Every structure is written in C-alpha cells, then in structure tokens.
Amino acid sequence: PAVFFVDEPGFNVGLEAESQATIRYGTEAVLETSTFSLPSCAVVLRKAYGVAAAAHFPPDCHVLLWPTAEIGALPVESGVAVAFRSELEQIADPKARDERRSELESQFSALLDPFPRAESLAAHDLISPEETRVALVRW
C-alpha cells in the first residue's frame, strides 16, 4: 500500500512557473495518480489546495484529516487577493490596505473548520496527530 502525507499548498503560478513548466509536470503527477492501483491512504496534515492536491488522492483513497487540515481551491490569502482585489486597490494607504487584507483573511480563515470539510469531502475520519499510527494500522 501507499501512504501520502499531504501538505500541498498548490502549484506555483506566474511567469517564472510558466517558464519552468510547473503546471505541465504537475498535471503529469495528477494523471499518474488517477491511474494508481495500489491501496492508498492520504493523511492531510495541513494544506491540500487546487489541482495540485489531486496528486495525493488516488481512486478509492482512504482519507484521514488532522484538525489542522485546510482543503480547497485556493489558500485564503490567494482567494482574498483575487476576490477583493478591486476593494484593496482602492485603499490608498498601504497600512490601511494591509489591515483590511488581514481582516478579510482572518474572517475567512475562521471558516476553515475541518469538521464540515471532512463531511463534505467524504473523508473517512478526522483524527488527532497522535492517532495517526493507530489509524494507519487499522486501515
């Protein structure tokens, strides 16, 4: 069997990442994972964001989440930067802009409760880090 310990912040984006073909190589990893045939378990320690996260969840993967797990399309910081770009750009004072950005990030970070994510993402169990070895042995 294969065990994945997941802390995946996502693919880098931008000109440098494009010139290094980050997405091309990353999607190759995702495609390989989609045909993975070994029994597998993914333990999400912290981050599992975007398409890059898919490289850690083969078909029929047993998924365990730590309470610190963050799973989604984008990290909160990136989501705030994209969704509130216009609002933040209109704030002339850099200190006030940073305060507003921090306020928004705190507001959305508070919604990262792992319990509803475990349920909606069909995780098999939400475990404390101390339970990891026992949970893997039982799996």
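**Entry 1**

I started with the side chains of Glu-103 and Arg-100, which meet in a salt bridge at 2.4 Å, N to O. For a salt bridge I took a side-chain nitrogen of Lys or Arg within 4 Å of a carboxyl oxygen of Asp or Glu. This is a predicted model, so I let local features in only at pLDDT of at least 70 and side-chain atom pairs only at pLDDT 80 or more, while totals for chains, interfaces and linings use all residues. Numbering runs from 1 along each chain as its sequence is written, and side-chain values use heavy atoms, with hydrogens and water left out.

Both Glu-103 and Arg-100 lie in helix H6, 3 residues apart, about one turn of the helix. My helices (H or I, at least four residues) and strands (E, at least two) are DSSP runs, numbered from the N terminus. Glu-103 is partly exposed at 47% relative accessibility. I call a residue buried under 20% relative accessible area, exposed over 50%, and partly exposed in between (1.4 Å probe, protein chains only).

Next I followed Arg-100 to its salt bridge with Glu-87, where the closest N and O atoms are 2.5 Å apart. Arg-100 sits in helix H6 and Glu-87 in helix H5, so this pair ties together parts 13 residues apart in sequence. Arg-100 is partly exposed at 21%, and Glu-87 is partly exposed at 30%. Shared partners join Glu-87, Arg-100 and Glu-103 into one network of salt bridges.

How many salt bridges does the whole structure hold? My search found 5. Among them is Arg-85 with Glu-89, closest N and O atoms 3.0 Å apart. These two are 4 residues apart in helix H5, about one helical turn. Arg-85 is exposed at 52% relative accessible area, and Glu-89 is exposed at 53%.

**Entry 1: rings**

I looked for aromatic pairs and got 2 in the whole structure. Rings of Phe, Tyr and Trp (its six-membered ring) pair if their centres lie within 6.5 Å; planes under 30 degrees apart are stacked, over 60 edge-to-face, and the rest tilted.

Phe-4 and Phe-36 are edge-to-face, with 5.9 Å centre to centre and 65 degrees between the planes. Phe-4 is in strand E1 and Phe-36 in the loop between helix H2 (22–34) and E2, so the pair links parts 32 residues apart in sequence. Phe-4 is buried at 18%, whereas Phe-36 is partly exposed at 27%.

Phe-84 and Phe-108 make a tilted pair: 5.8 Å between centres, 45 degrees between planes. Phe-84 is in the loop between helix H4 (76–83) and helix H5 (85–89), and Phe-108 is in helix H6 (residues 94–109), so parts 24 residues apart in sequence are tied together.

**Entry 2: strand E3**

Which way do the side chains of E3 (residues 62–65) point? I see His-62 and Leu-64 on one side and Val-63 and Leu-65 on the other, all buried. Strands count as paired if DSSP finds at least two bridges between them.

E3 pairs in the parallel sense with strand E2 (residues 40–49) over 4 bridges, and Cys-41 stands opposite His-62. E3 also pairs with strand E5 (residues 125–126), again in the parallel sense, over 2 bridges. There, Asp-125 is the bridge partner of Leu-64.
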